[in-house]
Amino acid sequence: MNIRNIDRALLTGLFVGIIIFISEYFFPDTNAFISIFIGALAALIGYLIADKILPKEND
């Protein structure tokens with residue numbers, strides 16, 4: 001596994017954790033499906049942000 005992939009995964013996980021924490025803090029009574037959808041959307045957005053911040057290295 002490439003070090004850049006680990007960095008992207010950690011940054012994505014941190015982003016998802018922050019978004020889930022904020023959504024559960026402000027909206028504690030949301031439906032489970034909505035929470036899963038928010039987590040999946042946050043993972044997609046977090047990966048795209050991590051991809052822009054940490055660009056791929058050319059070998």
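Q: Is F21 buried or exposed here?
A: This is a predicted model, and in it F21 counts as exposed, at 57% relative accessibility.

Q: And which residue does F21 stack with?
A: There are two aromatic pairs in the structure, and one of them is the stacked pair of F21 and Y25, whose ring centres are 6.1 Å apart with 20° between the planes.

Q: How are F21 and Y25 placed along the helix?
A: F21 and Y25 lie four residues apart in helix α1, so about one helical turn separates them. Y25 is exposed as well, with a relative accessible area of 59%.

Q: What sort of pair do Y25 and F26 form?
A: Y25 and F26 form an edge-to-face pair, with 5.3 Å from centre to centre and 80° between the planes. F26 is exposed, as Y25 is, and the residues F21, Y25 and F26 make up one aromatic cluster.

Q: Stepping back, how many helices and strands does the protein have?
A: The protein has two helices and zero strands. Helix α1 covers residues 3-26, while helix α2 covers residues 32-53.

Q: How many salt bridges turn up in the whole structure?
A: A search of the whole structure gives one salt bridge. D51 forms a salt bridge with R8, and the closest N and O atoms of the two are 3.5 Å apart. Because D51 belongs to helix α2 and R8 to helix α1, the pair ties together parts that are 43 residues apart in sequence.

Q: Are those two partners, D51 and R8, buried or exposed?
A: R8 is buried, with a relative accessible area of 4%, whereas D51 is partly exposed, with a relative accessible area of 27%.

Q: What else is R8 in contact with, leaving aside its neighbours within four places in sequence?
A: With those neighbours left aside, R8 is in contact with Y47, A50, D51, L54, P55 and K56. Within helix α1, where R8 is found, there is also a polar contact of 3.4 Å between the side chains of R8 and N5.

Q: What about D7, where is that one found?
A: D7 is found in helix α1 and counts as partly exposed, at 29% relative accessibility. The C-alpha atoms of D7 and D51 are separated by 9.8 Å, although the two residues are 44 residues apart along the chain.

Q: What share of contacts in the protein join residues at least 24 apart?
A: Taking contacts between residues at least 6 apart in sequence, 71% join residues at least 24 apart. The salt bridge between D51 and R8 links parts that are 43 residues apart in sequence.

Q: Switching to the surface, which residues form the nonpolar patch?
A: The nonpolar patch on the surface is formed by F37, L41, L44, I45, Y47, L48, I49 and I53, which together have about 750 Å² of accessible area. One of these patch residues, Y47, is also among the residues in contact with R8.

Q: And I53, is that buried or exposed?
A: I53, which lies in helix α2, is exposed, with a relative accessible area of 53%.

Q: What are the totals for the protein's accessible surface and its buried residues?
A: The accessible surface of the protein comes to about 4,800 Å², and 71% of that belongs to carbon and sulfur atoms. Of the 59 residues of the protein, 17% count as buried, and R8 is one of the buried residues.

How values were computed:
Residues are numbered from 1 along each chain as its sequence is written. This is a predicted model: local features need pLDDT of at least 70, side-chain atom pairs count only at pLDDT 80 or more; totals for chains, interfaces and linings use all residues. Side-chain values use heavy atoms; hydrogens and water are left out. Patches are made of residues with over 30% relative accessible area and no salt bridge: like charges are joined within 9 Å, nonpolar side chains (Val, Leu, Ile, Met, Phe, Trp, Tyr) within 5 Å. Accessible areas come from the Shrake-Rupley method with a 1.4 Å probe; for residues, only the protein chains shown count as cover. A salt bridge is a side-chain nitrogen of Lys or Arg within 4 Å of a carboxyl oxygen of Asp or Glu. Buried means under 20% relative accessible area, exposed over 50%, partly exposed in between (1.4 Å probe, protein chains only). A polar contact is a pair of N or O atoms within 3.5 Å; within protein, one must be able to donate a hydrogen and the other to accept it, and residues adjacent in sequence count only if both atoms are side-chain atoms. Contact means heavy atoms within 4.5 Å. Rings of Phe, Tyr and Trp (its six-membered ring) pair if their centres lie within 6.5 Å; planes under 30 degrees apart count as stacked, over 60 as edge-to-face and the rest as tilted.
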